[in-house]
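Please keep the sequence and the 3D view open while you read.

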Amino acid sequence: MNNYTNDNTAKRYKAHVSILGITQIHLRNPYIIAWWSAAFPGFGHMLLSKYLRGYVLFIWEVVVNIKAHVNHAMIYSFQGNIDMAKEVLDTRWLLMYIPVYLFTIWDSYRTTVDLNKIYLLADAEDHRFNTFSLGAVEINYLDKRNPVIAVIWSLFMPGLGQLYVNRIMTAFFVIFWVVVFFYYSHAQEAVSFLFLGKVHQATTVLNPEWLLFLPSHYGFAAFDAYTSAIESNKLYKEVQTKFLKNKYQSASFRLLKGQKVK
Amino acid sequence: MIDLQFFSTFESNAFLEIAISQLESKGIKKENIFAVPLDNRTEGRKILDSTHHSDGTSLSDIGMALATAFAVIGASVGFILTWGPIYWGLIGAFIGFVLGLTIRLYIEKVVKKKKRVLKGKHSEVILIIDCEETQAELVEGILWNHFALGVAKVK
């Protein structure tokens, strides 16, 4: 059940609250979106709520990166060991990495610029949209969320912040992949060793290639949850403002010019 | 006949709507409730300025980006350092975030010097209620109980 049935009378809409999340067009910095695409292909598009292509590019990145050993080569390069970097790269997979990687960055940049224009027009058009959704499997509605809490949950476990701000499409995907990365990188075993003070064992237990996927996962999850909370808060305020203006501004209302009393 | 009016300010949240529905259920008519949503100090509508950011003071964007980049480099180099990749990855993330935050703060405080939305709670809606003397206590109670930031009675 929704509180608004779309009759497609607007040229553009700026948001849609559905069972699966709050899809929202708002102003974004195209460089920041492009940066997330560069950090991990797919993240830029997921920030824009373009989930399907985000998923495809993300999975593509994991498979081709691991097969071509791009992360391994990065590690050697950062260590200054260029010979080993050259050695480790698998040329059977490497060349296809480059065009898709660059496309992802460019496409998310381009899409952000387009969506910013669409936002300005949709905002000016100011058409009503659905803000409440009650269904058999989920409930979703616009509400105020604390962006700091969203970040804290994301840092405990990427994806939880997205559940808090009701972005299920990102939440499930991120939680699934963070488990995969934890498992193959042995990161949690390393953390256990660190708690015991066994730094050397912690280092040797890790799988470097898979470990390198984790930092961007944490960064993205925190940033996405933070931004989503702030943007849906802004949307909430807009919707409430419209509601109050429509219902509680009677023309017959007169101000009492008395004095303030206790 | 209006006896008195209550002026109150609220944050924009669900409690405000609950307060209004409570007042209506206690017999205050719609015409006797007047709400003025305030425009809080916001950014302009320019494509190439601050409106790109996620909010008026998006302090985290550069920080998160640099934290990720530095964590990757820190973890990579950490494999050949004594403390190992996890400590160095975390150190990298921290340094990156602080650096990004510093850059952003510098831009905001020094370069832009733009007035921002005040931190903390601020009034977002003015709510005025007409009521009779007998309802005064009830109305005032409802307003305070739903987290009005300030309430004044005018007679």
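1. Read along its sequence, chain B follows the pattern β-α-β-α-α-β-α-β, with four helices and four strands; helices (H or I, at least four residues) and strands (E, at least two) are DSSP runs, numbered from the N terminus. This is a predicted model, in which local features need pLDDT of at least 70 and side-chain atom pairs count only at pLDDT 80 or more, while totals for chains, interfaces and linings use all residues. Residues are numbered from 1 along each chain as its sequence is written, and chains are lettered from A and ligands numbered from 1 in the order in which they are written.

2. An open sheet of five strands, with antiparallel pairing, runs in the order β5(A)-β4(B)-β1(B)-β3(B)-β2(B), where two strands pair if DSSP finds at least two bridges between them. Its edge strands, each pairing on one side only, are β5 (260-261) of chain A and β2 (33-37) of chain B.

3. Within chain B, β1 (residues 4-10) and β4 (residues 150-154) are joined in the antiparallel sense over five bridges, and B:Phe7 has B:Ala152 in β4(B) as its bridge partner.

4. In all, 49 residues of chain A are in contact with 46 residues of chain B, contact being defined as C-beta atoms, placed from the backbone, that lie within 7 Å. To the side of chain A that touches chain B, α13(A) gives the most, with 15 residues.

How values were computed:
Two residues are in contact if their C-beta atoms, placed from the backbone, lie within 7 Å.
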